[in-house]
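Colleague: I have just opened this model and would like to go through it with you. Please begin with the pocket.

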Amino acid sequence: MQTVKIPVSIDPIRAAQSRSSYQGVVPGKQLKRLNELCAGDCSDVTVSLECGVDLQGIVYLKGKAVTELTLTCQRCMTLLTTEVTVDFCFSPCRTPAEIDELPDAYDPIECNEIGEIRLHQLIEDELIIAVPLIPMHEDSKCSQGSKDIVVGEIEPAQEERPNPFAVLEKLKSK
């Protein structure tokens, strides 16, 4: 595989027929939505992508994207740097029937009006989904990690109350 710039968009069918492979970088500054989630700028995304046709004749785009994000630890509210890695395998679909027939190994992806897929947007979407929901340092590295946070108090169990339906049980036996 040769190291190249990852194109912004590709024609997946043409790329699969020529068995194209890409290995390169997507500049982090171009991924505006991902940058909005970060406490700082995200680093450049290293991407490897392979296009092809499987034994069933299904066109696929298979790859991996890796980046480093600076997030805010939700426990101690300081900056946290974490690596986010996503593996993906997509197949272009034009109709809902094609989506229903697609094997579980592939995720469907829609092509735009000229039959192309926007790769940068696709990679950004996958990374956004992979961002931790509640980013936190490990307990040993977090200034608040060893402190248990207690909100309110749990009252001890009260004495067992009589069953309100016990009266109905007496009526039933009569």
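Modeller: Strand β5 contributes the most to the lining of the largest pocket, giving three residues. Please note that the model is predicted: local features need pLDDT of at least 70, side-chain atom pairs count only at pLDDT 80 or more, and totals for chains, interfaces and linings use all residues. Residues are numbered from 1 along each chain as its sequence is written, and side-chain values use heavy atoms, without hydrogens or water.

Colleague: How much space lies in the largest pocket?

Modeller: The largest pocket holds about 210 Å³, a volume being the space filled by probe spheres set on the grid points. A pocket here is an open set of points on a 1 Å grid where a 1.4 Å probe fits, with protein on both sides within 12 Å along at least five of seven lines; lining residues have an atom within 4 Å of a point.

Colleague: Which residues line the largest pocket?

Modeller: The lining consists of Ile 13, Gly 57, Ile 58, Val 59, Ser 91, Pro 92, Cys 93, Arg 94, Glu 98, Glu 101, Leu 102 and Pro 103. Elements are DSSP runs, with helices (H or I) of at least four residues and strands (E) of at least two.

Colleague: Glu 98 and Arg 94 are both on that list. What do Glu 98 and Arg 94 form?

Modeller: Glu 98 and Arg 94 form a salt bridge, with 3.9 Å between the closest N and O atoms. The criterion is a side-chain nitrogen of Lys or Arg within 4 Å of a carboxyl oxygen of Asp or Glu.

Colleague: Are these two side chains buried or exposed?

Modeller: Glu 98 is partly exposed at 30% relative accessible area, while Arg 94 is exposed at 63%. Buried means under 20%, exposed over 50%, and partly exposed in between, with a 1.4 Å probe and protein chains only.

Colleague: How many salt bridges does the structure hold?

Modeller: The structure holds four. One of them pairs Asp 125 with Arg 33 at 2.6 Å, N to O. That pair links distant parts of the chain, 92 residues apart: Asp 125 is in helix α4 (residues 119-130) and Arg 33 is in helix α2 (residues 32-37). Asp 125 has a relative accessible area of 27% and Arg 33 one of 36%, so each counts as partly exposed.

Colleague: And Arg 14, which residue is its salt-bridge partner?

Modeller: Arg 14 pairs with Asp 11, the closest N and O atoms being 3.6 Å apart. Arg 14 is in helix α1 (residues 12-17) and is exposed, with 60% relative accessible area.

Colleague: Are Arg 19 and Met 77 buried or exposed?

Modeller: Arg 19 counts as exposed at 52% relative accessibility, and Met 77 is exposed at 54%.
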